[in-house]
Structure formats: C-alpha cells, structure tokens
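Here is a short report on a protein model. It covers charged pairs, the nonpolar core and backbone angles.

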Amino acid sequence: GFDEHSDALDEHVGKLAQCSDPREALQIATQVVKETHWLVRESKSLASETRASAQDIEKFKKELERARHEGTVDSLTGLHNRKTFDDVLKRLIENDAPFGLILMDIDHFKSINDQHGHLIGDRVLRQLAKVLSSRTRATDTVTRYGGEEFAIILPNTGLADTQFVAEKLRTGIGSSNMRRTDNGARIGTVTAS
C-alpha cells in the first residue's frame, strides 16, 4: 500500500545519496521516479475520493436538515406542527417562563369542506395560516394543532396582551371575505373562535 511505496522511496533516495557509480545511480533514480509516480497517482485518487466523500457528507447533512424540518412543520400550511408546539410548551414550563396561549378553531369548517370540497378547505387553511403568521411576532410559535385547530404560544406575554392579540387575530380572520379562484363562487366570511 501507500506506506510500502513511501518506505521504498525513502530507501531508494538513501541509496542514491550514498551511490558513486553512475550506472547504479541511474537505476536507483529510475526506481525513485517509479515510486514517485505511483505515490502521485494514489494521492490524486485519494484526493478525488475525499472530494466525493465530502460531497456525500454535505448531501447527507442537507437530507438530515430537510427531514428535521419536515418533522417540525405542517406540510399543508407551512406552520409549525403539534410536535413543535409540545416541545416549545414543555421548554417554557420547565424554565418557569411566562407565556400566553391562544387556541383557535375555524367556525363551521366541516360545512366549507362539504359545500366546496377538501381542496378549497385546504386553501382556506393555508390562507388562515398566512393571516396568523403575518399578525404575530417572529418570537411567537404559530402551530397547526389539529385539522382546523391552531395554537399560538406567545412567550413573555401576559393575559391582557394575549387577549388583545387573540381578538386582533379573530377580527383579522373575520374581515377576509373569501372567494374560490376557480369559479369565483363566494365561500363567504370565514370566522374563528
């Protein structure tokens, strides 16, 4: 392997340094060149393998990060999922940190699905997720808690401020009059409690 060729090269170089016969020096020099070529070729091969390994590791890291992201995000709405909600809530309770909690449910969501179909129901959920995300702070944890249920954790927020945010969200949702994009049919005002 690599060590054998490196040792052989060292031995040949040592012999060459002590050699006084030109013919013998030429033979030894030929051996030095052969060993050097072999080591260069192997070094290039190892460098190529190292680059490939580094690329594989980077690809694996990205896949792992994507899997971690998918494990914490609701695929339909892009909001945090129930697992994230549970983790954040547990951490706040363990640290005895103050927080506000808003639990929200879309009113009569079953009738939206029944009347317009699940694809429209999904659009309503995505639209509601946008409203909630845009009207909360970056430090708040907005989650899709269940089917049409949402939960928002507001760290370092007292009861009065939590009630204010909840009311702001409720009226913000109730002010959007939704229509179907495919046929223009009115879905109506979607409200939440």
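A salt bridge is a side-chain nitrogen of Lys or Arg within 4 Å of a carboxyl oxygen of Asp or Glu. This is a predicted model: local features need pLDDT of at least 70, side-chain atom pairs count only at pLDDT 80 or more, and totals for chains, interfaces and linings use all residues. Residues are numbered from 1 along each chain as its sequence is written, and side-chain values use heavy atoms, with hydrogens and water left out.

**Salt bridges**

Side chains of opposite charge can pair when their charged atoms come close. Under the salt-bridge rule, the count here is seven. The table gives three of these pairs.

| Pair | N to O distance |
|---|---|
| Asp87 and Lys83 | 2.8 Å |
| Lys90 and Glu94 | 3.9 Å |
| Glu167 and Arg170 | 2.6 Å |

Asp87 and Lys83 sit in helix 3 (residues 82–94), four residues apart, about one turn of the helix. Helix 3 also holds Lys90 and Glu94, again four residues apart and about one turn. Glu167 and Arg170 belong to helix 6; they are three residues apart, so about one helical turn separates them.

How open are these side chains? Buried means under 20% relative accessible area, exposed over 50%, and partly exposed in between, using a 1.4 Å probe and protein chains only. Asp87 is partly exposed at 36%. Lys83 is partly exposed too, at 47%. Lys90 and Glu94 are both exposed. Glu167 is partly exposed, with 38% relative accessibility. Arg170 is partly exposed, with a relative accessible area of 38%.

**The nonpolar core**

In soluble globular proteins, nonpolar side chains tend to be buried together. A nonpolar core is a set of buried Ala, Val, Leu, Ile, Met, Phe, Trp, Tyr and Cys residues joined through side-chain atoms within 4.5 Å. The largest such core has 24 residues, and Met104, Ile106, Leu132 and Phe150 touch the most other members. At least two core residues come from each of strand 1 (99–105), helix 4 (109–116), helix 5 (118–134), strand 3 (149–155) and helix 6 (159–174). Helix 5 gives the largest share, seven residues.

Which residues of helix 5 are buried? They are Ile120, Gly121, Val124, Leu125, Leu128, Ala129, Val131 and Leu132. The expected span of a helix is 1.5 Å times one less than its number of residues. For the 17 residues of helix 5 that gives 24 Å, and the end C-alpha atoms are 24 Å apart, so the two agree.

Contact means heavy atoms within 4.5 Å. Setting aside neighbours within four places in sequence, the contacts of Phe150 include Leu125, Leu128 and Leu132.

**Positive phi**

Most residues other than glycine have a negative phi. Where does Asp96 lie? Asp96 is in the loop between helix 3 and strand 1. Its phi is positive, about 55°, although Asp96 is not a glycine. Asp96 is exposed, with a relative accessible area of 69%.

Asn156 lies in the loop between strand 3 and helix 6. Phi of Asn156 is near 55°, a positive value in a residue other than glycine. Asn156 is exposed, with a relative accessible area of 63%.
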